[in-house]
Amino acid sequence: MKILLAFLFSMGIIVTQGDAFCFHQFFKPGEAEKGCMVDGVLYPFGEISRTENCLTCSCSQYEMHCCSLYTTPVNYDKETCKVIFNNKNCDYDVVQKHPSKPCTQYTRIG
């Protein structure tokens, strides 16, 4: 039983550390009549699977909740590697500065 509890506790920490950033916006009555505005684009009410800027959102006339679809690389060798955002995949690529090859040792945060 102790092993199961330890496993569940550690998984909770891992899941928490892996979450991408999120934000909430609450609307005043009548403020969101046609949908939610995200980065200058009006989205209809309901679930938004992916915005132009790689967010997933839930939109209602009362509130909007969005989370990023990507994590940010950290702890990589900044002298030999660089970070490039890949909008198609909604993810950061960590590549060597010269030539552009993948860097293998880095971690990510949300």
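Buried means under 20% relative accessible area, exposed over 50% and partly exposed in between, with a 1.4 Å probe and protein chains only. The model is predicted, so local features need pLDDT of at least 70 and side-chain atom pairs count only at pLDDT 80 or more, while totals for chains, interfaces and linings use all residues. Residues are numbered from 1 along each chain as its sequence is written, and side-chain values use heavy atoms, leaving out hydrogens and water.

**View A. The disulfide between Cys54 and Cys90.** A disulfide is a pair of cysteine sulfur atoms within 2.5 Å; here the S to S distance is 2.2 Å. The torsion about the S-S bond is about -80°, so this disulfide is left-handed. Cys90 is buried at 4% relative accessible area, and Cys54 is buried at 0%.

**View B. The disulfide between Cys36 and Cys59.** The sulfur atoms lie 2.0 Å apart, and the S-S torsion of about 95° makes the bond right-handed. Strands are DSSP runs (E, at least two residues), numbered from the N terminus. Cys36 lies in β2 and Cys59 in β5, so the pair ties together parts 23 residues apart in sequence.

**View C. Pairing of β5 and β6.** Two strands pair if DSSP finds at least two bridges between them. β5 and β6 pair in the antiparallel sense over five bridges, and three residues separate them in a hairpin. Thr56 stands opposite Cys67 in β6.

Conventions:
Helix = DSSP H or I, 4+ residues; strand = E, 2+ residues; numbered from the N terminus.
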